[in-house]
Amino acid sequence: MTVEGTTERVLRLLALLQHRPSWTATELAAELRVTDRSIRRDVERLRALGYPVHATAGVGGGYQLGAGTRLPPLLLDDEEAIATAVSLRLASGGTIAGAGEAALRALAKLDQVMPPRLRAEVRAVHGAMDTLVGPGIEIDPELLVTLARACRDAVRVRFHYTARYLARDGEPRDDRPPQERTVEPVRLVATARRWYLMAWDIDRDDWRTFRLDRMRDVTATTWRFRPRDHPDPAAYVQRSVTESPYRHHARVRLRAHPDQVRDRIPPQVGRVEADPERDGWCLLTAGGDDLNWLAVHIAALGFETQILDPPGLREAAARLAHNLTAMSAPETEDGRRTSADRWADPRPS
């Protein structure tokens, strides 16, 4: 076989080893249509290039690509190449500090080596795609790595945290000095704009949610812990971000299927559940610092609504209804509105 043929086969072998965790020599030989002896030689060629290929003998053994000192070349099929390019395009506007620039560099490299037919498809997708999500809060990628490793290795984490709280006047504030916290991390959860950590707070002896942008001096300790039974991380974080940080907690009943409401409300904004008491209805729980703002957004959903809590939300809804009536009133011949033009007091409750 020529040198070009051998090189092509070695690259195909590398692609197969990347495709799944373990292969037997017989399976690889069948895929590449060569002998087991050729597979062993090609494995040695990969090792000579610096890619550690581990071999395990016996039943259940085989070849496995290990972690090396450098990244091996990624060999992507057409669908993987298009998916990677589109993902890099989205990541270029993400919330991880420095990731946008790195994503653009990787996208440029991928575009350079991509076949013309795939490049045209990717550009067509890019040309038809845009995002309406507002700018998020950037997070240091080193912080993400530190917390992800701590979750994986089940080690405690220590950091300083600036918590949001409700002052005596009921207004939310975050002007207290940072407090040192020690936690047992479980999972990182990302919303459209922020990153959160769900963890067991050692000092408070309870589950807590922490915003990563409020964490400082984060250190993974050497103290290992036995993982506890815990709530679903995504559901727990959703409950925390839609309720606890706000001055008001609204709970309303909507005449709609839960999926209809979820299509209109992002998970970080409101929590939607089926109503156990009424078929065809669902319950929406959302938080806000202004009852007038809550009334506007709930009304904008367009569903028949019953307000359960708080009572002040009914007053805000009444003011909204009065104002909308005034807006829709016809003008008289002298250019004035009818008697419905007296708007309600727009001040927040």
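Q: Which strands does helix 7 lie across, and at about how many degrees does helix 7 run to strand 6?
A: This is a predicted model, in which local features need pLDDT of at least 70, side-chain atom pairs count only at pLDDT 80 or more, and totals for chains, interfaces and linings use all residues. Residues are numbered from 1 along each chain as its sequence is written, and side-chain values use heavy atoms, without hydrogens and water. Helix 7 (residues 141-153) lies across strand 3 (155-161), strand 6 (179-190), strand 7 and strand 9. The angle to strand 6, taken between N-to-C directions of axes fitted to C-alpha atoms (0 to 180 degrees; for helices over the stretch in contact, heavy atoms within 4.5 Å), is about 85 degrees.

Q: Which strands stand at the edges of the open sheet?
A: The sheet has five strands in the order 8-7-6-3-9, with antiparallel pairing; strands are DSSP runs of E, at least two residues, and helices are runs of H or I, at least four, numbered from the N terminus. Pairing requires at least two DSSP bridges. Because each has a single partner, one side is left without a neighbour in the sheet for strand 8 (206-211) and strand 9 (215-224).

Q: Which residue in strand 8 stands opposite Leu-197?
A: Strand 7 (residues 195-201) pairs with strand 8 in the antiparallel sense over six bridges. Opposite Leu-197 stands Phe-210.
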